[in-house]
Amino acid sequence: MAVLLASWALACCGVPDTRPESSGAPAGGGRTVGAARWVRVYFVAPNGAWPVARAASAGAGPQAALDELLAGPTRNERNRGLVTALPAGRHKVRATAAGPGAVDLYLPWLVVELDGVAVNQLVCTAAAAPGIPGGRRPADVVVRVYESGEPGEPWRVRCEETGTAIPVEAPPTAG
């Protein structure tokens with residue numbers, strides 16, 4: 001008897017056996033004008049480079065991301081074990097979007113003066129920055145690194161999905 005009553009209750013629940021139908025305009029709202037964007041900044045954890053998200057103003061680009069990196073980890077990030085391998089002190093790193101899928105990164109140091117993890121932090125933060133034309137994934141962005149006082153061609157690298165900077169193969173030369 002209980003089974004009969006339960007099946008009758010389910011059959012009479014009032015939901016008709018029909019197809020989905022339009023019921024008006026999609027939901028709106030929820031977003032605010034001028035809402036913050038996010039930048040991804042790479043710090044160092046015991047198991048390697050670790051990205052964190054930081055709020056940034058609308059229109060933020062590679063320079064905003066690098067400025068966040070140079071500011072170092074917040075207290076909460078340090079409490080979670082994140083540190084930086086960048087040299088201590090006030091340093092100015094310039095970063096600019098340089099066309100579809102490219103960032104120019106101007107360092108106040110020579111790359112050989114930096115720990116490899118610090119290079120990973122710089123390159124991966126630049127590659128993941130907002131405002132780079134072309135809509136490419138960070139792993140597909142070429143970062144052209146210009147070293148302090150070094151003339152000539154920049155060092156062309158990209159950030160692997162593991163958070164490691166790797167050289168980009170040089171384009172073939174005509175010869």
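How does Glu68 count at 27% relative accessibility: buried, partly exposed or exposed?

## Ground rules

Glu68 counts as partly exposed, since its relative accessibility is 27% (buried is under 20% relative accessible area, exposed is over 50%, and partly exposed falls in between, with a 1.4 Å probe and protein chains only). This is a predicted model, where local features need pLDDT of at least 70 and side-chain atom pairs count only at pLDDT 80 or more, while totals for chains, interfaces and linings use all residues. Residues are numbered from 1 along each chain as its sequence is written, and side-chain values use heavy atoms, with hydrogens and water left out.

## Salt bridges

The count of salt bridges is six (a side-chain nitrogen of Lys or Arg within 4 Å of a carboxyl oxygen of Asp or Glu). Glu68 pairs with Arg54, with 2.7 Å between the closest N and O atoms. Glu68 sits in helix α2 (residues 62–71) and Arg54 in strand β2, so this bridge ties together parts 14 residues apart in sequence. Helices (H or I, at least four residues) and strands (E, at least two) are DSSP runs, numbered from the N terminus. Arg54 is buried, at 9% relative accessible area.

Next up is Arg144 with Asp104, at 2.6 Å from N to O. Arg144 belongs to strand β5 (residues 142–146) and Asp104 to strand β4 (residues 102–106), so the pair ties together parts 40 residues apart in sequence. Arg144 is partly exposed at 23%, whereas Asp104 is buried at 10%. Then there's Arg137 with Glu161, whose closest N and O atoms are 2.3 Å apart. That pair links distant parts of the chain, 24 residues apart: Arg137 is in the loop between α4 (116–127) and β5, and Glu161 in the loop between β6 (155–159) and β7 (165–167). Arg137 is partly exposed at 44%, and Glu161 is exposed at 65%. Shared partners also join Arg54, Glu68 and Glu77 into one salt-bridge network.

## Around Pro51

Strand β2 (residues 48–56) also holds Pro51, which is partly exposed at 36% relative accessibility. Leaving out residues up to four places away in sequence, Pro51 touches Arg40, Val41 and Tyr42 (contact means heavy atoms within 4.5 Å). The C-alpha atoms of Pro51 and Arg40 are 6.0 Å apart, though eleven residues separate the two along the chain.
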